[in-house]
Amino acid sequence: MIDNFAHGGDILIAITAASVFAQIGIAFGVVLRSRRNKDLRSLSIGTTLSGLLAGVTEPILYGLILWYKRLIPIVRVSGAIGGAIIAIFDVRVTTFVLNNLFTIPVFKPMYGYILGIAIALIIGTILTFVFGFEAKNSEKPLEAKENTNNLQEGAPTMIFAPLSGEIVKLENVPDPVFSTEAMGKGIAIEPENDTVYEPFDGVDETIFNTKHAIGLLSHEGVEMIIHIGLETVQLKGEHFDVFVEENQKISQGEPLIKFNNKAIKKEGYKLITPVVITNSENIEKIKFNESLSITHGQKLMELKYIKRGV
């Protein structure tokens, strides 16, 4: 992209905008379809606005698309069509910008860009509204589902620290994706070590191909994302090593991911690591460890109550 800026403008940022607006369309489609589910509708409205106004689509990706996996083909189709239209018009930009409503004027020709992102958004919205998204994690291990249905009301669930380091309140994480709790409630750790450990007995449900984040499911039905650093998705897996596979059963305390702390910081990325419960709307009460620092394996939070049917 940088080289393209020096030779007449970059087309890659313009093309990838179609994916951004396809995700926004999906979030808006969920808004239209989830009228009876107030929590999901509220999440979808917030993520739609963050995408339109800031170009931030991580809450859509983590909170909707990777959770309701029927949406994955929709984002592929709508993003591909919109991207193809943008490429046909040879839309260019001469500086790096995030793709949102406010940056539309910097793309030339602007009409080709608007047409591409509008079609991606519209197709994403229509396909989501028509075909739905309710086949929720159909590939979840049966054991996890059965344990979820057998939860005892009022039974406490312990979450142990996946990292050693300084504890940071989620509201103080310098990223609105996490600080606004758009993805769910949780806490963050400024790591002192270089390894992420399993925080409970469960299943490693989603391992991102960029290795910077992992989605977990406990046997009690707690769903969690551990996101190593901020914007580290841009490293494309460099400096990360994953020790587990998707849908692998794992015990609390076993290593999940190792990362090169020094190398990541040297490239300018912050390593503060949010630990977020993505189905926290089903958790009645969360008690966080109030210490300033923690060692991996120590109790990080206690979930006081989990509603049936999580």
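Colleague: In which sense do E7 and E11 pair, parallel or antiparallel, and over how many bridges?
Modeller: This is a predicted model. Strands of a sheet pair through backbone hydrogen bonds, either parallel or antiparallel. Across this pair, Met224 stands opposite Ile277 in E11. The sense for E7 and E11 is antiparallel, and the count of bridges is three.

Colleague: What is the strand order of the open sheet of eight strands?
Modeller: E7 and E11 pair with each other, and both belong to this sheet. The pairing in the sheet is antiparallel. The order is E9-E5-E6-E7-E11-E3-E2-E13.

Colleague: Which strands stand at the edges of that sheet?
Modeller: An edge strand here has a single partner strand, so one side is left without a neighbour in the sheet. That holds for residues 248-250 and for residues 293-294. The edge strands are E9 and E13.

Colleague: Is Ser218 buried or exposed?
Modeller: Ser218 lies in strand E6, which covers residues 213-218. Contacts beyond four places in sequence are with Phe200, Asp201 and Gly202. The relative accessibility of Ser218 is 0%, and the cut-off for buried is under 20%, so Ser218 counts as buried.

Colleague: Which residues have the most contacts inside the largest nonpolar core?
Modeller: In soluble globular proteins, nonpolar side chains tend to be buried together. The largest core here has 33 residues. Elements giving two or more residues to this core include E6, strand E7 (223-227) and strand E14 (299-306). The residues with the most contacts inside the core are Leu300 and Met301.

Colleague: Which residues does Met301 touch, leaving out those up to four places away in sequence?
Modeller: Met301 belongs to the largest nonpolar core. Its contacts include Thr157, Met158 and Ile159. Ile187, Val275 and Ile277 are touched too.

Colleague: How many residues are in the second, separate core?
Modeller: Ile24 and Ile26 are among its members.

Colleague: What is the volume of the largest cavity?
Modeller: Rolling a probe the size of a water molecule over the atoms shows where empty space is left. The structure holds one cavity of 30 Å³ or more. Its volume is about 60 Å³.

Colleague: Which residues line the largest cavity?
Modeller: By class, the lining has four nonpolar, two polar and three charged residues. Helix H4 (58-65) and helix H8 (176-179) each give two or more of them. The lining residues are Glu58, Tyr62, Asp175, Val177, Phe178, His212, His227, Glu231 and Val233.

Colleague: Which residues lie nearest the centre of the largest pocket?
Modeller: This pocket has a volume of about 1,600 Å³. Its lining has 39 residues, divided into 20 nonpolar, twelve polar and seven charged. Elements giving two or more lining residues include helix H2 (12-33), H4 and helix H5 (71-88). Nearest the centre lie Gln23, Thr57, Glu58, Leu61 and Val233.

Colleague: Which element supplies the largest share of the lining of the second largest pocket?
Modeller: This pocket has a volume of about 800 Å³. Its 38 lining residues divide into 13 nonpolar, 14 polar and eleven charged. H4, E5, E6 and E7 are among the elements that each supply at least two. The largest share, six residues, comes from H3.

Colleague: Is the peptide bond from Lys108 to Pro109 cis or trans?
Modeller: Most residues other than glycine have a negative phi, and most peptide bonds are trans. Pro109 lies in the loop between H5 and helix H6 (110-131). Omega for the bond from Lys108 is near -5°, and the bond is cis.

Colleague: What is phi of Asp90?
Modeller: Asp90 also sits in the loop between H5 and H6. Its relative accessibility is 37%, so Asp90 counts as partly exposed. Phi is positive, in a residue other than glycine, with a value near 50°.

Colleague: What is phi of His239?
Modeller: His239 is in the loop between E7 and strand E8 (240-242). At a relative accessible area of 21%, His239 is partly exposed. Phi is again positive in a residue other than glycine, and its value is near 80°.

Notes. Residues numbered from 1 in each chain as written. Predicted model: local features only at pLDDT ≥ 70, side-chain atom pairs only at ≥ 80, totals over all residues. Heavy atoms only, no water. 1 Å grid on protein atoms, 1.4 Å probe; cavity = no way out; pocket = protein on both sides within 12 Å on 5 of 7 lines; lining within 4 Å. Points joined across faces, edges and corners; volume = space filled by probe spheres on them. Helix = DSSP H or I, 4+ residues; strand = E, 2+ residues; numbered from the N terminus. Nonpolar A, V, L, I, M, F, W, Y, C, P; charged D, E, K, R; others polar. Buried < 20%, exposed > 50% of the residue type's maximum accessible area, 1.4 Å probe, protein only. Contact = heavy atoms within 4.5 Å. Core = buried A, V, L, I, M, F, W, Y, C linked by side-chain atoms within 4.5 Å. Pairing = 2+ DSSP bridges.
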